[in-house]
Amino acid sequence: MVELVSVLKTMAVSQVQSYPDWLAQLFGFIGVSLPDDFLLFQWAVILFTAIAIVGQAAVVFMVLMERKVLAWLTQRIGPNRVGPFGLLQTLADGVKLLFKEDIMTRDQDKLLFTLGPALFFLPCFVVYALIPFTSELLAIALPTGALLFFALSSISVIGIVISGWASNNKYSLLGGMRSAAQAISYEIPLVLAVLAVVLYAGTMNIRDIIEMQNNGAFGFPFGFISWFSIWLFPLSFIIFFISSIAEVNRIPFDLPEAESELVSGYNTEYTGMKFATFFLAEYAALFAMGALTVCFFFGGYYSPLGGLLSETLKIDVILQSLIGIDGFAGLVRQLEMISWMMLKTYIFIFVAMWIRGSLPRLKPDELMGFSWKFLIPLSLINIFMIAIQKYWHVTSDLTFGLAWAAVLVLGVGGFCVMMSRHFTAKLEERFKPALT
Amino acid sequence: MSNVAEADQTQENKIFTTLQNLLESNGIICSSVDLLYNWARSNSIWPMTFATSCCGIEMMSTSASNFDISRFGSEVFRATPRQSDLVITAGTITHKMAPALVRLYEQMPEPKYVIAMGACTVTGGMYEDRTYSVVRGVDRLIPVDVYVPGCPPRPEALLDALMLLQKKMRKESIKDRRQRAELHKPKVRLGPGEVLLPLGTTDEEFVRWGVQAEGYNVTEMQKNGELELVRGNCKFRHERADERERARKQRTGA
Amino acid sequence: MTATDVTTPQIQIPGVSVEQDTDTEDLVVNIGPQHPSTHGVLRLITTLNGEVVKEMEAVIGYLHRSKEKMAEGVSYFQYQPTIDRVEYLSSFYDHYAYVTAVEKIAGLKVPKRVEYIRMITMELNRITSHLLWFGTFLLDLGATSPFFYAFRDREEIFKIFEDITGARMMYNYYRFGGLNNDITPGWLDKVRYFCDWFPDRLDEYEAIVNKNPIVMDRTIGLGLIDRELCMKYGVTGPNIRAAGVPMDLRKTNPYCCYDEIEFDVPVGERGDVYDRYIVRMKEMRESLRIIRQAIDKIPGGDAAEVEKLRQAVAAKEEAAKAKAKETGEKPEPVPPINPDFEFKGQKINLMTYKPPAGEAYTTVESPRGLLGCYMISDGTPKAARVKWRGASFSNLAALPELMIGQLYPDLMAIFGSLDVIMPEVDR
Amino acid sequence: MSEPTNENAPENKEPAPNPPQETPEEKGPEPGEFGKLLAENGLTVDPLGPDAVGVEMIGVAPDKVLDVAKFLRDSQITKMDFLMSVSGVDHKEYRESVYHVYSVDTHKSICIKVKADNDHVPSLMPVWPAADWHEREAFDLFGIIYDGHPDLRRLLMPVDWIGYPLRKDYKQDDPRLVWNER
């Protein structure tokens, strides 16, 4: 036990290198002096709680956002009766679901039926500990952060399969089975796409990947130009984004709960709070995936304007002088970071909602085919190219870098042509029985 | 949805119990809980996609762009009864459909509401007379909260009904609601698929609605009088054979 | 896709049979009577092997509202409001079939203006019906937005209908030998405006859907219907036309004034789900073409002009009467307006109207296919028998055969593409 | 394909080889185009004259209806390949099964009437498989039994329904429908 504590303590020391200055100043300002042990060991717990609260708020907002965005896409108004602009709509839904009768039928497996939503919900929120919202607002900065993230998020599928089975409903069973098949198919391209980034950055620590991005590619460290991943591996980004939408079961990949086919899929039998748990967890997963996309490909919490706000315009100093209290400069910088992080994440969430409003659903066989026949070969090619790039240190030289970018563009274009050929060939194959 | 087993109504909602205790002990808490509760559920009424005929199209129109039911937070049409609060019986209910409607209603969790949309579900409408297959008003099957006349009612009428229902919800107390739920619990437990029972069959064997089960030739059995298919009393409780015998004796006065 | 393509492949290991060694069980899924994509109350008892449909049986009758019995209990005119509910998405067609059956039996003459107005309303109704199909079909495929767009455009047509009939869906506008009322002044301009406005929307929809890879992937080569199958089950409408058979009663057995109007019958090549989609989209454009021509050709033109003519005749009659009073002679006969311009033919008392004994089987090309109304009149004020032949009834009968060997998610695409509407099946 | 018609033209247009019979005078209507054709081929049918639309109606005895149907379907002149509907008709004394058949190629239609012999009529499913659901419906609502139909059971009404509701003498007195009292 003692050993474990010491190991944990050393881990904490190594992870949380030092507690942030601005926090110490803040506590000092309030007049509270914190014990060192607290800051070293329990800092992560406090941070995680804070992040979980932020995450919950984000999820609650996202549900409303989805309804508003869908309404906007279809020329409607969307919820507007509860609170200003309908802001409290999700709260009303939540309270209502909390009070709903909890039905469990005679033939359901009571243990698994209850366990299912919890198993789905837990990993979706635990992964928030691994997402760096700012350089400091990060519960644990593991050296294997990216790996742990995917390992955790894949657990949630077990929750879906369990609840599909325990519901004793055929639609639920089909939904659960589909979900398992889908998760297996799409986790591979998802991880392979990230592998490119990891390979290049040389680390799995998500914060380090972000920091490396800000240090710049092409020897030109300024804002969004320096986010090397999106410029060097656009293919990775595309694969990652498609797979992440599939991973969180959204249209066009929402087969586990395809409404027009499987009534409501794996959650057909769930009522009240158990259903709300599924509902929340789905959005939490979407948020986590959006945040991860930003971390890996879009510079994480860094401003796309580079140091324009904080260094050139010195807004932190201006604000500090306005407030007139020492020690707030760091806080303001943190706030700026979290704002950029949230903004970027919500842009991707909006795109996901946009896709939901525009595209029809895939069929299960097409869904599998798309992953195994298209995305996985593509990501393997991608990794191969990145490896060459890494080996030759392409980015150290600007001209060579540009030449490589051209090669990349050609490669991607070639693959897309191949894809379209494959598609037309498939169509022709389908025509055959009709034509003969 | 036939495979969905009948809801185990003995499952208590713990929140209900604790809240009731709270209500009984403290009046102030009672009113504020009621306030929050009624505010929440009246503003998030999720209807079930139950549309049988013409009114269903107007119900779809109500959710579409020009009328936009989403303003009231009700655009979340759930396909499964387990997650819906409201069933809008949009369209005629026939004798063949009636058991399905009752079962759907019973599968919904409390608190649940019904809007009878259109003349057919209010009284039978134009099918009230001279027809043999239409149920004369859906309130003979399930309790109705708001009636919307019209054939079919305009989407505005449905929105009005929704607002009336919201008003009704806001006046209710969580305590009354629970008593009401007790009242509407099914009296006879049904097994899976037990709808029609031929005489002398075991519980596992059953004939499904309108379909020939394996090993049965319904037409022939009907011809030979082997099939005593009883639809029970007005609540579609299909009693077992002995209970049926008793009921028949009572009816005939023997 | 043939049945052999999708069934699970049998692994051939010498001495081992997969079927014996693995304990597999078929899954019987009971789709309906209440399911989001059965378009009403239909029950499909489906036996699934994995996600492949092995067997399917359609159970209908959940919306059997005894329409045919009702016809025998009320007078001919009283039955008319009921007809709207036989097929509520295109009720003008049912009215037309019923009203013409009475007109044929009684030998009533119908003014040409009436025929043209009937044609315009019917074609507009075809557009509303196809639009609803477009929305719900894509909703079945999982796309939500087209549903809202389609409903938005339907409202525009509803406004046009409301002007003349007073109702959004249940029109009850046709009468024996005429119409309930003439069109309102300026109505034709509204229709013309709609005809100019709507093609842009159609272009938009086709831009969203036609080349969408997911839609193409989910529909092309699926649910193949050929002429033989159509004959086997009596499949009609866009479904048979998508199979390459140009069976359109408007062309082959022209009723109304379709023989005076130029239009094409869109025909598909393969008879799959995608072709049915394309045929319906093209039919909407053809309907617009018909409406445009009908507006130009309608006898009498706008209602205001006809009203002017009517007033002129009335004024002349007044003058003749006044003159006759002065002179004490019989009033001079005033030439009436062209009978083709009237919205009513022979003047009859609708409430007590009864045609002589006889029978008629009238057929109309409804949006869903061949709609028939078989009427037997025995000379009493009540019909002896009215039988509806709904197109959906026969179209639905073909579904189980189409589905065998297909994937479960394809059920929604194939069933949606048949455009089945349940009240027409169950009546 | 189509000739110009006057405005009151029949819908299912005949080229009118026989205009509507003006004076039948106790003779009964004369056989029309199809009636003559059938008679030439040794199949005697009762000519019932054209109906109000102009479609020729023929009455066929139950034992001959399969031959007549086969001939109408296979003959290169008639090509009656499309069964539009099967309607049961209750004439109080007897019941009748009425078939309306259409030809997709020649655009002509014909109406075949078969008087039920003690409510028994041979099924026309072997000739036109489309008759399947239509005949089940007629059985369901009129109680006409189609001999040879492979799967004759109720279609629209529940399996346990008592009586045939579209018969003229049907009275709804099912004690089980207690919720239907008014």
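This is a predicted model: local features need pLDDT of at least 70, side-chain atom pairs count only at pLDDT 80 or more; totals for chains, interfaces and linings use all residues.
User: What makes Lys113(D) and Glu359(C) a salt bridge?

Analyst: The rule asks for a side-chain nitrogen of Lys or Arg within 4 Å of a carboxyl oxygen of Asp or Glu. In this pair the closest N and O atoms are 2.4 Å apart. The pair therefore meets the definition of a salt bridge. Between chain D and chain C the count is 7 salt bridges.

User: How do you know that chain D and chain C are in contact, and how many residues take part?

Analyst: Contact is assigned to heavy atoms within 4.5 Å. By that rule, 45 residues from chain D and 56 residues from chain C take part. The two chains bury about 4,300 Å² between them, with 54% of it on carbon and sulfur atoms.

User: Which elements of chain D supply at least two residues of the side that touches chain C?

Analyst: They are strand E3 (82-90), strand E4 (95-102) and helix H3 (131-142) of chain D. E3(D) gives the most, with 8 residues. Sorted by class, this side of chain D has 24 nonpolar, 10 polar and 11 charged residues.

User: Why is the pair Lys100(A) and Asp85(B) called a salt bridge?

Analyst: The N to O value for these side chains is 2.7 Å. The cut-off is 4 Å, so the pair qualifies. The rule finds 5 salt bridges across the interface of chain A and chain B.

User: What is the extent of the interface between chain A and chain B, and which three residues of chain A supply more of its buried area than any other three?

Analyst: The interface brings 42 residues of chain A into contact with 50 residues of chain B. The area buried between the two chains is about 3,900 Å², of which carbon and sulfur atoms give 56%. Phe99(A), Lys100(A) and Glu101(A) supply 19% of the area that chain A buries against chain B, more than any other three residues. There are also 20 residue pairs in polar contact between chain A and chain B, both at pLDDT 80 or more. Helix H4 (89-99) and helix H8 (170-201) of chain A each give two or more residues to the side that touches chain B. The largest share, 9 residues, comes from H4(A). By class, this side of chain A has 16 nonpolar, 12 polar and 14 charged residues.

User: How do you know that the buried residues of H6(A) line one face of the helix?

Analyst: In helix H6 (residues 145-153) of chain A, the buried residues are Gly145(A), Ala146(A), Phe149(A), Phe150(A), Leu152(A) and Ser153(A). Seen down the axis of H6(A), they fall within an arc of 165°, so they line one face. As background, an α-helix has 3.6 residues a turn, so residues three or four places apart point the same way.

User: Why does Ser287(C) count as buried?

Analyst: The cut-off for buried is under 20% relative accessible area. Ser287(C) is at 0% relative accessibility, so this residue counts as buried. Ser287(C) lies in helix H13 (residues 273-297) of chain C. Leaving aside residues up to four places away in sequence, Ser287(C) touches Glu123(C), Arg126(C) and Ile127(C).

User: What is the secondary structure of chain B, and how much of the chain counts as buried?

Analyst: Chain B comes to 9 helices and 4 strands. Along the sequence they follow the pattern α-α-β-α-β-α-β-α-β-α-α-α-α. Of its 254 residues, 62% count as buried.

Technical notes: Residues are numbered from 1 along each chain as its sequence is written. Chains are lettered from A and ligands numbered from 1 in the order in which they are written. Side-chain values use heavy atoms; hydrogens and water are left out. Buried area is the accessible area (1.4 Å probe) that two parts lose on being put together, summed over both. Ala, Val, Leu, Ile, Met, Phe, Trp, Tyr, Cys and Pro count as nonpolar, Asp, Glu, Lys and Arg as charged, and the others, Gly among them, as polar. A polar contact is a pair of N or O atoms within 3.5 Å; within protein, one must be able to donate a hydrogen and the other to accept it, and residues adjacent in sequence count only if both atoms are side-chain atoms. Buried means under 20% relative accessible area, exposed over 50%, partly exposed in between (1.4 Å probe, protein chains only). The arc is that of the directions from the helix axis to the C-beta atoms.
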